[in-house]
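I wrote each entry as I went.

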Amino acid sequence: MQQPKEPFIINRLKAFKYAFVGAFYLIRTEASIKVQVFCALVVTVLGFYFEITTTEWCIQLLAIALVLSVEGLNSAIEKIADFVHPDYHKKIGIIKDVSAGAVTFAAVIAGIIGFIIYIPYLF
Ligand SMILES: Nc1ncnc2c1ncn2[C@@H]1O[C@H](COP(=O)(O)OP(=O)(O)OP(=O)(O)O)[C@@H](O)[C@H]1O
């Protein structure tokens, strides 16, 4: 028998709950996400210390969101890869390397953004 359809708002609230559970799971279990969250906290403190502009805050927050999102998706791809093929396989290696490579793009660009924002405050 089909389950009765739940109201739209309940359905969306549940989706939010699952998404937050996933976000906290990432922070609790993934070393790379812990490092990225630590970096995000450091630049947030720097932002308050140097009183960066509203535009700089927006760009910094976008860079943080980009790195955390791509890192989270990379973790999800690693988990899918381990689930579908737990043993060693050359193609799984390439899939994981490509996924990690996507994080590298985001992290390098975020680093460059950090330099562009903070170098003028330091020198
Ligand atoms: N099943 C596998 N088959 C082939 N190569 C693998 C496999 N698992 C991992 N590798 C190789 O080892 C590298 C590291 O994989 P791993 O799953 O440990 O990710 P990680 O980079 O340590 O993840 P994290 O982001 O959690 O630190 C991969 O990028 C890939 O080159």
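I first noted that helices (H or I, at least four residues) and strands (E, at least two) are DSSP runs, numbered from the N terminus. This is a predicted model, in which local features need pLDDT of at least 70 and side-chain atom pairs count only at pLDDT 80 or more, while totals for chains, interfaces and linings use all residues. Residues are numbered from 1 along each chain as its sequence is written.

The shell, counted by C-beta atoms (placed from the backbone) within 6 Å of the ligand, includes Glu 30, Glu 78, His 89, Lys 96 and Asp 97. By class, I noted four nonpolar, three polar and four charged residues, where Ala, Val, Leu, Ile, Met, Phe, Trp, Tyr, Cys and Pro count as nonpolar, Asp, Glu, Lys and Arg as charged, and the others, Gly among them, as polar.

Entry on the helix pair. I looked up H3 (residues 54-84) and H4 (residues 90-122), whose axes come within 9 Å and cross at roughly 170 degrees; axes are lines fitted to C-alpha atoms, for helices over the stretch in contact, and angles run from 0 to 180 degrees between N-to-C directions. H3 and H4 are therefore roughly antiparallel, the word used for angles over 145 degrees. The residues of this contact (C-beta atoms, placed from the backbone, within 7 Å) divide into 17 nonpolar, three polar and four charged.

Entry on the annotations. An unreviewed UniProt entry places a "binding site" feature at Arg 12 and Glu 71, and such annotations may be inferred rather than shown by experiment. The two span 60 residues in sequence and their C-alpha atoms are 24.5 Å apart, so they do not gather at one spot. I checked whether each is buried (20 or more other C-beta atoms within 10 Å of its own), exposed (12 or fewer) or partly exposed (in between), with C-beta atoms placed from the backbone.

Last entry. Glu 78, which UniProt lists in another "binding site" feature of an unreviewed entry, lies in helix H3 and is partly exposed, with 17 other C-beta atoms within 10 Å. Leaving aside neighbours within four places in sequence, Glu 78 is in contact with Lys 96 and Ser 99.

Methods:
Parallel < 35°, antiparallel > 145°, perpendicular 65-115°, else oblique. Contact = placed C-beta atoms within 7 Å.
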